[in-house]
Amino acid sequence: MGAALTLGERGRGRTAPNPNVGCVIVRDGRVVGRGWTQIGGRPHAEAMALEQAGAESRGATCYTTLEPCAHRSVRGPTCSDSLVEAGVARVVAALGDPDPRTDGGGFARLRAAEVAVAVGIRAEDAQRSMAGFLTRRTHGRPHVTLKLATSLDGRIATASGESRWITGPASRAHAHLERARHETILVGRGTWEADAPTLDVRLAGLEGRSPRRILLTRHPRAGGGPSPAGSAMHDGSEVGPRLRGDDGRRWEVIASPHAVADLPGGDHLLVEGGAATAAAFLAADLVDRLLLYRAPIVIGGGLSAIGDIGLPDLAAAHGRWRLHDARGLGGDRLEVYERRRS
C-alpha cells in the first residue's frame with residue numbers, strides 16, 4: 001500500500017475532478033503491475049496497472065488507495081468490472097469512494113464475483129494523499145494550503161518592505177515543488193502590486209506544471225496594474241474578470257476567500273501571500289494545511305506574516321492545528337500543520 005500511495009502522489013494536482021489514485025498488483029510476492037491516475041483523470045490507476053500486469057493479474061492481489069469505481073463512463077469501463085474480468089483474487093483498498101455513483105458499489109461488485117476485499121489499510125495516509133478530491137466532496141471547495149516564509153520572529157519583510165530572500169534556496173525549491181502539486185495558486189492585491197509575482201514552477205522538468213493564478217481583490221484595477229482582459233469568467237457574484245499580467249499569463253480574480261469554491265478545474269489551492277490574505281483565509285476557516293518555512297534570522301520591527309484573524313480569546317486558538325511533519329531545509333526549518341476538523 002505504501003508503494004500505491006507513492007504512485008498516487010505522481011498525479012496530485014493533475015487529475016481533477018478525479019482522485020489521484022495509486023495501484024499496485026502483486027502475484028506470488030512479486031509486483032506485476034503499477035498504475036496511477038493519469039492527467040485529466042484517465043486512464044484510472046487500476047486500468048494502468050492491469051494493462052501492465054496482463055495475464056499475471058489472474059489470482060493476484062490488487063492494492064489500491066481508493067475503492068475501484070463502479071459507475072459507467074463513456075471514457076472507459078468501470079475498474080471494479082475490469083478487476084473481476086482480469087481474474088484478480090483479492091483487492092486491498094485504503095478508502096471507500098465517497099462519490100455517490102460508487103460509494104460501496106465497487107466493493108459490492110467485487111464481493112459478488114467472490115473477490116476478497118479488505119478496506120482501511122493506511123486510511124489516514126490515503127486521506128492525506130487525496131485530500132483535494134475528498135475536500136471537494138465533503139466541503140464543496142478545494143483543499144487549501146497556506147504557505148508562509150518567515151523569520152524566527154514571524155516577519156515576512158523588513159520595516160522598509162524588503163522580503164527577498166528571507167529563506168534559503170532549499171526552502172524556495174521545496175516551495176516550487178509544492179506549486180507543482182497544486183492546480184491553482186493565490187495571492188492578494190498587495191503582493192500582486194508590490195512584487196508582480198509570476199508564481200510559476202522553476203524546477204527543471206516541472207516547468208509545465210505551473211498552477212493557474214488567482215488574485216484576491218475587490219478592486220481589480222487598483223494600483224495601476226494590468227487591466228481586465230476578456231469577459232467575466234463565472235456567473236457567481238464573487239468571481240470577477242480576468243487580468244493579464246506583464247508576462248502575458250492570465251490572472252483570475254475573486255472578491256472573497258469563499259469564492260474559491262466557484263473556481264472550476266482544481267481541487268488543490270496554494271495561498272502564498274500576503275499577511276491580509278493569509279488572515280482572510282484563516283478567519284474564514286478555509287485553511288486545511290499550513291506550510292511554515294522559518295529562516296534562522298531575527299528581523300524585529302518588520303511586517304507580520306499574518307494579520308488579525310478575529311479570535312475572540314486565546315482559548316479559541318488552541319486545539320486547531322496538529323504538527324504533521326518537520327524537517328530541515330538547508331539552514332531553514334519547515335513545519336507542516338494540518339487543521340483539526342471533526
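Predicted model: local features only at pLDDT ≥ 70, side-chain atom pairs only at ≥ 80, totals over all residues.
Q: Let's start with helices H3 and H4. Where are they in the chain, and what is the angle where they cross?
A: H3 covers residues 79–86 and H4 covers residues 105–112. Their axes come within 9 Å and cross at roughly 20°.

Q: Is the crossing left-handed or right-handed?
A: H3 passes H4 in a right-handed crossing.

Q: Which residues make the contact?
A: From H3, they are Ser80, Asp81, Leu83 and Val84. H4 brings in Gly106, Arg109 and Leu110.

Q: And how do those divide into nonpolar, polar and charged?
A: The contact of H3 with H4 has three nonpolar residues, two polar and two charged.

Q: New topic, cavities. How many are there of 30 Å³ or more?
A: The count comes to two.

Q: What's the volume of the largest cavity, and which residues line it?
A: Its volume is about 40 Å³. Arg136, Pro142, Thr184, Arg212, Val260, Leu263, Pro264, Gly266 and Leu269 form the lining of the largest cavity. That lining divides into five nonpolar residues, two polar and two charged.

Q: And what about the second largest cavity, what volume does it have?
A: About 30 Å³. Among the residues lining the second largest cavity are Gly13, Asn18, Phe133, Glu183 and His268.

Q: How does that lining divide?
A: For the second largest cavity, the lining has three nonpolar residues, five polar and two charged.

Definitions and conventions: Residues numbered from 1 in each chain as written. Heavy atoms only, no water. Axes fitted to C-alpha atoms, helices over the stretch in contact; angles between N-to-C directions. Helix = DSSP H or I, 4+ residues; strand = E, 2+ residues; numbered from the N terminus. Left-handed = near helix turned anticlockwise from the far one by under 90°. Contact = heavy atoms within 4.5 Å. Nonpolar A, V, L, I, M, F, W, Y, C, P; charged D, E, K, R; others polar. 1 Å grid on protein atoms, 1.4 Å probe; cavity = no way out; pocket = protein on both sides within 12 Å on 5 of 7 lines; lining within 4 Å. Points joined across faces, edges and corners; volume = space filled by probe spheres on them.
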